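User: I am new to this structure and would like to learn how to read its features. May we take them in turn?

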Amino acid sequence: MGSDAVGTTSLKSSAHVKAAGWGRGLSTLLRMTRMNLRHPWQVALAIGSTIIAVILQLLIPRLLGWAVDQTQVAIGSGVTGTAAEQALWTPALLLLAASTLRGLFTMAQNYFAEAVGHHVAYELRLACYDKVQRLSFSFHDRVHSGDLITLGILDLDGVRMYFSTVLVRLLLLTMLIGIGAYMMISTDSVLGLIALSFVPFVAWRSSVTQLKLRVIWLDLQERLSVLGRVMEENLAGIRVVRAFSAQAYEMVKFDRASKNALKLAHEQVDVYVPNTSAMTLAFFFAMGLVLWIGCNKVIAGQISLGTLTMFLAFMTILQMPVRQIGLMVNGFARAYTCGSRLFGLLDQDITIRDASTARPLEIGEGTLRFDNVSFAYPGTGNRAILKNITFSARRGETIAIVGPPGSGKSTMAHLIPRFYDVTGGTIMLDGQDIRGVTLATLRQAVAVVQQDAFLFTTTIENNIAYGDPWAKEQRIERASESAQLHNYILGLPAGYKTVVGERGASLSGGQRQRLTMARTMMLRPSIVIFDDSMAAIDAATEQRIRAAIRRFAKDRVTIIIAHRLSSLKHADRILFVDNGEIVERGTHQELLAKRGRYKALYDLQLRPGDDIATTFGGAP
Ligand SMILES: Nc1ncnc2c1ncn2[C@@H]1O[C@H](COP(=O)(O)OP(=O)(O)OP(=O)(O)O)[C@@H](O)[C@H]1O
């Protein structure tokens, strides 16, 4: 099992998959097979249809041979006209019936095999989505969302096709080639062996070709992934691109990624075309030999014309399946690679989860306590971001956290709902260690208004009611009134039913922030954290929102992270954080009286133009 910390390697690297041993490869294939077998009816119907379709297909050359022999007998015995026609009726009708039934059973085989694949893909898609939702933030910090999307589309497709292109085809080819070879060799061993002479060569070339194509395809997949990432970033950052007039630079970047993909597409053609021609040549060469030697045998009376026809028909029937051996080998390799990557994701350990002894959080006094908390982000070599943080807050209190950029303010906030787990010390809610309570109850009790105001592409109403989809209209309106957004929304043509663009693109930064505040005010958390969530809001609106927040804060612990100190004067306690440590604490007045870092920063904000680096100790 991988851990969150090794997520990147497990998901991205095809080399990682290639290097996995036989044991792991086998267990991946067995796991995929087991997933298919969970649909026994469809599997049984697909296999049953395949067996019947193969038997019918093998009957066709025999019937053809019989028809030719009947004709020869008719010619030999001088029977002509209606009598000769009647002799041909039976083989002709049988041929028609066999071909029709074979077509129907092949259709059933494809239908049920595809159904199994689609069911497995559906289950895997849900399992992956569920896993991605539950994996901790440290995993998402490391794995690019584009790679996860590729995994959910291309890799999932590789596993989907495992049943139809590998398992069913393996059965079909084994039966067709095995029984076909037996029938030919038992009829005439020399002619049979010559007719089958193309099989090893074509099977070998098609496997080699497909495996070469697979290597190129994997490379192509990685490059398409890069192409996708370039496109995704360009679209997400379209405003930055335009603002910096960087279209030409972006075009060059995209062109380079596209050219790489084009080069590989050419390589695919270079491998495919000559090998296809070589395989066709081998087949026709063998057929020519069968015709030559077979005709001589017919003339010598060793075999009938019908038998020769049967051999030629067998060869024609075998040609395509033999070529498909390569496709099957490719499907096998692809399913294995894709399966390994998908199972790599599904087997990731969820580091932030309910402990086996977790109990629902019980809120009484509503007291939050940080006790000697330290923290380092996973995978950053234990670089301490927070050191020995201790403070507590009671219901109804407002705690403000200020400090230079990168000092660890948001990190402190993210530890409370357990987006990350502390690496030292404890965080307690009403005397309960937050690692000992269930995540669901903890996250119900803690609401965070994030710095990055993320909105979903849906109506304003749905965005506000995201945490409580059944909320009444009046509550939604009250929340948006508190966030000073109600009048603006009423002015929109569709009001609360207005659909916000992708990530809220149709709203201003301040409107987006106010909407996320309204979304939080819909909840009834015991602790609410505003993480620099008023940075894009003008001072007058902020004043009005603060009044609403004060009302909202009466029954809960409120933590406000902000850079604008004038708006924090009313906090019960202000913590000045620098380099992961609380360096000053107290009320606004106390901190001013201390004449320390807080006072310097406050003065600086009152007197713009001073050197900010002096106050922030050169922080970025
Ligand atoms: N997901 C992460 N993985 C690794 N390091 C991180 C991660 N998020 C933040 N950091 C680092 O942790 C430090 C503290 O970041 P944090 O976001 O808590 O600072 P902040 O005080 O809130 O800054 P700002 O005022 O700019 O929002 C920074 O050095 C940052 O680079």
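User: Which residue in β9 is the bridge partner of Ile401?

Analyst: Strands of a sheet pair through backbone hydrogen bonds, either parallel or antiparallel. In this predicted model, the bridge partner of Ile401 is Leu575 in β9. The pairing joins strand β3 (residues 398-402) to strand β9 (residues 573-578) in the parallel sense, over 4 bridges.

User: In what order do the 6 strands of the open sheet stand?

Analyst: The order is β6-β7-β8-β3-β9-β10, and the pairing is mixed. At the edges are β6 (446-449) and β10 (581-586); each has a single partner strand, so one side of each is left without a neighbour in the sheet. From one strand to the next, the twist averages 20°.

User: At what angle do helix α7 and helix α10 pack?

Analyst: Helix α7 (residues 145-160) packs against helix α10 (residues 198-236) at an angle of about 130°, and their axes are 10 Å apart. The angle therefore makes α7 oblique to α10. Their crossing is right-handed.

User: Which residues in α7 and α10 meet?

Analyst: From α7, Gly146, Asp147, Thr150 and Leu154 meet Gln221, Ser225, Gly228, Arg229 and Glu232 of α10. By class, this contact has 1 nonpolar, 5 polar and 3 charged residues.

User: Which of the 13 residues around the ligand come nearest?

Analyst: Those that come nearest are Tyr377, Pro405, Lys409, Ser410 and Thr411. Helix α14 (residues 409-415) gives the most to the shell around the ligand, with 3 residues. By class, the shell has 3 nonpolar, 7 polar and 3 charged residues.

Key:
Residues are numbered from 1 along each chain as its sequence is written. This is a predicted model: local features need pLDDT of at least 70, side-chain atom pairs count only at pLDDT 80 or more; totals for chains, interfaces and linings use all residues. Axes are lines fitted to C-alpha atoms, for helices over the stretch in contact, and angles run from 0 to 180 degrees between N-to-C directions. Helices (H or I, at least four residues) and strands (E, at least two) are DSSP runs, numbered from the N terminus. Angles under 35 degrees count as roughly parallel, over 145 as roughly antiparallel, 65 to 115 as roughly perpendicular and the rest as oblique. A crossing is left-handed if the near helix is turned anticlockwise from the far one by less than a right angle, and right-handed if clockwise. Two residues are in contact if their C-beta atoms, placed from the backbone, lie within 7 Å. Ala, Val, Leu, Ile, Met, Phe, Trp, Tyr, Cys and Pro count as nonpolar, Asp, Glu, Lys and Arg as charged, and the others, Gly among them, as polar. A residue is near a molecule or strand if its C-beta atom, placed from the backbone, lies within 6 Å of it. Two strands pair if DSSP finds at least two bridges between them.
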